[in-house]
Amino acid sequence: MSNIIIDSAFDSGNIDVMTVNEARAMLRLKNDKDSEFKQWFHFRVANCGGRELVLKIVGLNDTAYPAGWPDYNACVSEDRDFWGRAPSTFDKDEEGGTLTIRFAPAGDLAWFAYFAPFSMERHHDLVSISASAEGVEHRKLGETLDGRSLDCLTMGTGDVQTWLYARQHPGESMAEWWMEGALQVLCDPSDTLGRALREKCRFHIVPNCNPDGSARGHLRTNAKGVNLNREWAEPSAERSPEVLAIRNAMDESGVHFAMDVHGDEAIDAVFLAGFEGIPSWSDEQGERFYRYQRILERRCPDFQTAKGYPKSGPGKANLAISTNQVAERYAATAMTLEMPFKDNADHPDEVQGWSPERSRMLARDCLGALLEFLESED
Ligand SMILES: [Zn+2]
């Protein structure tokens, strides 16, 4: 039998092929450029010929989040539209940590990724379709190190300055699927939730804060290997022009409510992180975040508060992280939304795990909770 053919020379592609033997392959991950981080993968397998593929990704014990591999099933698609999961097992003692993926595609081609990719072409479609809706303005906030545009969509006539931004960590593609759901609500004139929110808020939406890392197939960094969510205290044109451009635009508008959208490799749940430990912390500002969190938990079965990150102690917040900086700098109700790479263990979906579809629906619930939060404040 002939060998399968594996390549990754496309948008967000990432894999190193070590050996191929018929339908079996040994693979490893490439680091983000100039960085220690690795975890994202995205590759195509051709010449499958109806065989069961056995794909081993080795050397995973020194990835950014080794805890991301146990109970993780790789994402797979045959048509690049529907993304399901291929049964996968992790053995930390095999070849420095090995994820073994098994899948028998019906046809000759199969695509594998750490999570359903959200391509730069889809990003341009999303931005352009949204910008063509009535009352939506497009702004280029700045330019990345690779010369890509940092796109921002602005809409709404209200006074509540609301910033939604995603994919500082480019491998967290669920964050831009969330954005697709949010923009569908906010740009559709027949959507009353979107209309009500646009009367109350001025929205500033950055669907992809790190297009260079996205195109390059990075997990966590930009074209210079910089983790943008550690740059918010002192962003610079040399290292982090993406953060500098967004923060400057925030300085201009002010910020009342901010949500920074992410994915978490290890925790099998949807959760929020707040800004405990900022120097200007007050219980009143903190309570605004907790109240939003309670509203979202009541409205959305996929959201929970039992699992999440530990809170920083008084004065211990890292102001280089966006949510802390935005809460401190603007006295905003700021938060980080985390979705799982694995699945929501409370409501598992064996076919898809956590998925683009669920990310989009979560966005609608987050916006519904925002409207309730603003109305119950009145
Ligand atoms: Zn992240």
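Student: Which hand does the crossing of α1 and α2 have?
Tutor: The crossing is left-handed. Keep in mind that this is a predicted model.

Student: What's the crossing angle, and how close do the axes come?
Tutor: Helix α1 covers residues 120-131 and helix α2 covers residues 174-187. Their axes cross at roughly 15° and come within 10 Å. Angles under 35 degrees count as roughly parallel, so α1 is roughly parallel to α2.

Student: Which residues make the contact?
Tutor: From α1, Arg 122, His 123, Leu 126 and Ser 130. From α2, Glu 176, Trp 177, Glu 180, Leu 183 and Cys 187.

Student: Are Cys 48 and Cys 300 buried or exposed?
Tutor: Cys 48 is buried, at 0% relative accessible area. Cys 300 is buried too, at 3%.

Student: Now α6. How many residues, and what's its reach?
Tutor: Helix α6 runs over residues 283-299, 17 residues in total. From first C-alpha to last it reaches 24 Å, close to the expected 24 Å.

Student: Which of its residues are buried?
Tutor: Gln 285, Gly 286, Arg 288, Phe 289, Arg 291, Tyr 292, Gln 293, Ile 295 and Leu 296.

Student: What covers them?
Tutor: The cover includes strands β15 (257-264), β16 (271-273) and β17 (333-340). Helices α7 (322-330) and α8 (356-375) are also part of it.

Methods:
Residues numbered from 1 in each chain as written. Predicted model: local features only at pLDDT ≥ 70, side-chain atom pairs only at ≥ 80, totals over all residues. Heavy atoms only, no water. Helix = DSSP H or I, 4+ residues; strand = E, 2+ residues; numbered from the N terminus. Expected span 1.5 Å × (residues − 1). Buried < 20%, exposed > 50% of the residue type's maximum accessible area, 1.4 Å probe, protein only. Contact = heavy atoms within 4.5 Å. Axes fitted to C-alpha atoms, helices over the stretch in contact; angles between N-to-C directions. Parallel < 35°, antiparallel > 145°, perpendicular 65-115°, else oblique. Left-handed = near helix turned anticlockwise from the far one by under 90°.
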